[in-house]
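Hi,

Here is the structure I promised to pass on. Please have a look, and then read my notes below.

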Amino acid sequence: MKLPGYYTSGEFARMAQVSVRTIRFYDKQNILKPSYVNESGARFYTDADLARLQQILLLKYLGFSLEDIRSLTIDDADSHMLLSSLKLQLKLIQDRIEQMQLVERAIQNTTATIERAHDIDWSQMLELIHLTNMEKSLKTQYQNSTNISARIHLHKLYSSNPLGWFPWIFKQCEFVPKMAVLELGCGNGALWTENLAALPDDIHILLSDISEGMLRDARRAIGSSDVRFSFRTFDCHSLPLPDESVDLVLANHVLFYCDRIPEVCAEVRRVLKRGGRFICSSYGSRHMREISRLVQEFDSRIILSAEKLYEKFGLENGEKILQPYFKRVEMRLYEDALIVDSPEPLIEYILSCHGNQNQYILDRYKEFRSFVGKKVKRCFRITKEAGIFICTKE
């Protein structure tokens with residue numbers, strides 16, 4: 001007997017305009033399981049499964065492997081999760097369009113050169129090879145965008161401090177006209193998109209990131225027409241800037257990802273003008289600790305981060321690391337906590353972590369969602385222990 005709101009495999013395939021064979025293949029690959037299987041083995045699907053299939057087909061169209069798709073999608077129909085997924089898919093499509101436009105121009109230029117000179121410009125051929133290999137970065141870009149968006153979203157929704165993290169950091173910067181600013185590891189540009197109207201008109205801000213994809217996100221969010229901003233891709237261990245050319249350097253949750261923090265500090269000191277400031281953020285050992293306890297209660301094998309980043313550069317040891325390079329180092333704490341009353345943004349955050357959680361959660365997602373739902377039913381409090389160091393060059 002067919003249940004209300006459920007579709008047979010054939011009906012579901014016709015709705016999605018794919019073959020039944022495709023639906024069965026995704027079932028066997030544990031990418032799209034039916035919502036219900038009756039006693040005789042007949043499989044039934046729902047509208048929620050259709051949303052998941054849309055995501056799967058898009059990622060397949062963009063060239064992702066089945067293993068990639070399995071790790072990038074979860075079996076959930078919540079409107080919040082679906083909306084987040086669609087927004088990130090849109091970013092991915094925009095990235096692909098930009099990349100294909102670059103390839104198109106490169107092919108046109110190479111063709112024109114050969115027709116004009118009857119000779120091959122090997123530098124242009126190398127550029128073409130580089131551009132056609134850019135698609136390999138799409139998976140990383142998609143995951144990075146997902147991770148950053150999930151973290152920002154959780155904090156935006158549930159922070160008890162009415163002044164959010166980015167507005168608070170912006171306030172500490174004390175921007176003035178004519179200032180030259182450099183941000184290291186700008187990510188998606190969230191620090192600026194929330195505060196554009198408060199910036200002086202005659203200020204120059206260079207946003208940098210080691211990821212071209214993240215820099216594209218920032219440029220797209222801020223807008224290429226805003227002449228106050230420029231964008232460059234480079235590694236913060238070696239800054240391509242003249243000595244004493246910058247008034248303010250920002251590094252928001254960046255230093256603990258650097259392989260050689262002393263080199264970064266020395267480079268920052270070199271490019272700062274005398275009296276210039278370096279503002280870098282980090283967190284302490286108690287930061288978000290309730291989330292780790294939560295997932296380990298569900299499955300003790302889960303480790304959200306294989307590396308304790310605060311041990312590399314955190315609130316406890318940051319001053320000692322920075323002092324050899326700067327005359328004055330001041331720490332300021334951001335007073336805050338998260339009071340969470342809905343499971344989806346918290347789950348989204350957990351899945352964005354750099355640990356092994358997906359290995360133990362994705363196959364038991366519905367069970368995990370129910371577990372988290374019970375935990376947040378009476379509000380779930382999460383400790384935040386984050387802040388900044390304000391360093392001044394003599």
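What follows is a short tour of the sheet and some salt bridges.

This is a predicted model, in which local features need pLDDT of at least 70 and side-chain atom pairs count only at pLDDT 80 or more, while totals for chains, interfaces and linings use all residues. Residues are numbered from 1 along each chain as its sequence is written, and side-chain values use heavy atoms, leaving out hydrogens and water.

The sheet is open and mixed, with seven strands in the order S6-S5-S4-S7-S8-S12-S9. Strands here are DSSP runs of E, at least two residues, and helices are runs of H or I, at least four, numbered from the N terminus; two strands pair if DSSP finds at least two bridges between them. At the edges sit S6 (229-233) and S9 (328-334), each pairing on one side only. Strands S4 (residues 180-184) and S5 (residues 204-209) run parallel over four bridges, and Leu182 stands opposite Leu206 in S5.

The structure holds 22 salt bridges (a side-chain nitrogen of Lys or Arg within 4 Å of a carboxyl oxygen of Asp or Glu). One of them joins Arg43 to Asp27, with the closest N and O atoms 2.5 Å apart. Arg43 is in strand S3 (residues 43-45) and Asp27 in helix H2 (residues 20-28), 16 residues apart. Asp27 is buried at 4% relative accessible area, whereas Arg43 is partly exposed at 36% (buried means under 20%, exposed over 50%, partly exposed in between, with a 1.4 Å probe and protein chains only). Salt bridges also link Asp299, Arg301, Arg364 and Glu367 in a network.

Best wishes
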